[in-house]
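Subject: Structure for your files

Hello,

Here is the structure you are taking over. My notes follow it.

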Amino acid sequence: MLVAPFVFTILVTLISGIFSKSVELTFELPDSAVECFYQEIEKNTSASLEYQVITGGQYDVDVKIEGPKKQIIYQQQKMQYDSHQFTALNTGVYKVCFSNEFSTFSHKLVYMELNVGPEQPLPGVGEHATVLTQLETSAEEIHSALNRIIDHQTHHRLREAQSRKRAEELNERVFWWSMGETLAILCVSLAQVMVLKNFFSDRPTLYNRM
Amino acid sequence: MSDVTSALYFHIAEGERKCFIEEIPDDTTVIVNYKVELYDPRSGGFMPSTPGIGMHVEVRDPNDKIVLSRVYSSEGMYSFTSTTPGEHVICMYSNSTSWFSGSQLRVHLDIQVGEHAVDYASVAKKDKLTELQLRIRQLLDQVHQITKEQSYQRQREERFRQTSESTNQRVLWWSLMQTAVLVGIGYWQMRHLKSFFEAKKLV
């Protein structure tokens, strides 16, 4: 009974102590919809936005970043993926909007990552008074290298997801189109014979009266 | 509670369902922190706390099975650990009450996946680790996460390849089949018409 609130307070203190924030979201964007996210950013903090359309339509989306004074920081139309880095000029709420307004029927899946502030260091750094030992420095280096690997993996995962979904769609399309065409061939060839027979038959029909 | 409030937020209408997708390997923990604020028409802002508003949370695994389905209060944290790799869908919607309906909700949300979800401060306290040990622990966790992701990547690559090969096979067989169908139909048409003309004494 006592443990739960204890753990919770630790967690709260931990989270509030973090300067940098990073959030990754993958969300659905229905046709002709706009999806906006808001983030409060302190003055002079650097922030970066990364996004990619995973499925739907031409894999494009309109993206806009708006500052607290309604100034447009970044605006792109029909982008498949991009990243943008900016430094906040004012403290305030920044707005990131993804718009699918130009598309009336394609439903999209969009990934976005918003990083605010510098990269989060390993815990305990900063409280350190003495010079870092060699071991600690190399741990730090490994940490940033691993972070880069994770970033690359995310990229790879998204590209793979996009291609895989496209391939699955293609597979499906090939299947249905082949079904359709087989049916069409059968119908057309039967109809051809019928029509030809009608031309030459004695009975007055619609065709030879014309 | 400035933690979740400083996180990313978005607006939803009451009762509106909002879903996020997390594609994760198996045995990965996801922690979601959230806070809901209700729009206050009198002040034109958002009420800092809204008792009475609950959030319904639903988490589905890649096989569309419900992993978690519960009603939480207007603010809180929940977590789940994946058992099957793939796309996990996290959906949230308010348990709307009639007199509130139609108004806007502001949802602060923070989703942390894998080693980001580990709380190292409490790990250090619990296991009595030195700073260096803690760092090594974190590095190890990162490596584990990368390994898991990589093995999941291999699985997905396999599925991708299977799809591509299936498409390839389908295209090949279908083109052969269609040629056969065309030849067959053409032959049947000729024979049928020939016998028809002969019967009609046209040739």
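How many helices and strands are there in chain A? Chain A has three helices and eight strands (DSSP runs numbered from the N terminus: H or I of at least four residues for helices, E of at least two for strands). Along the sequence their order is α-β-β-β-β-β-β-β-β-α-α.

This is a predicted model, in which local features need pLDDT of at least 70, side-chain atom pairs count only at pLDDT 80 or more, and totals for chains, interfaces and linings use all residues. Residues are numbered from 1 along each chain as its sequence is written, while chains are lettered from A and ligands numbered from 1 in the order in which they are written.

Confidence: the average pLDDT (the predictor's confidence in each residue, from 0 to 100) of chain A is 80, and 80% of the residues score at least 70. In residues 1–19 of chain A the pLDDT is below 50, and this stretch has 14 contacts in the model beyond near neighbours in sequence (contact: C-beta atoms, placed from the backbone, within 7 Å). Where pLDDT is low, the predicted coordinates should not be read in detail.

Interface: 51 residues from chain A and 53 residues from chain B take part in the contact. On the side of chain A that touches chain B, helix H1 (3–17), strand E1 (21–29), strand E2 (34–41) and helix H2 (134–200) each supply at least two residues. H2(A) gives the most, with 29 residues.

Within chain A, 75% of the contacts with a separation of 6 or more are between residues 24 or more positions apart.

Regards

Technical notes: Contact = placed C-beta atoms within 7 Å.
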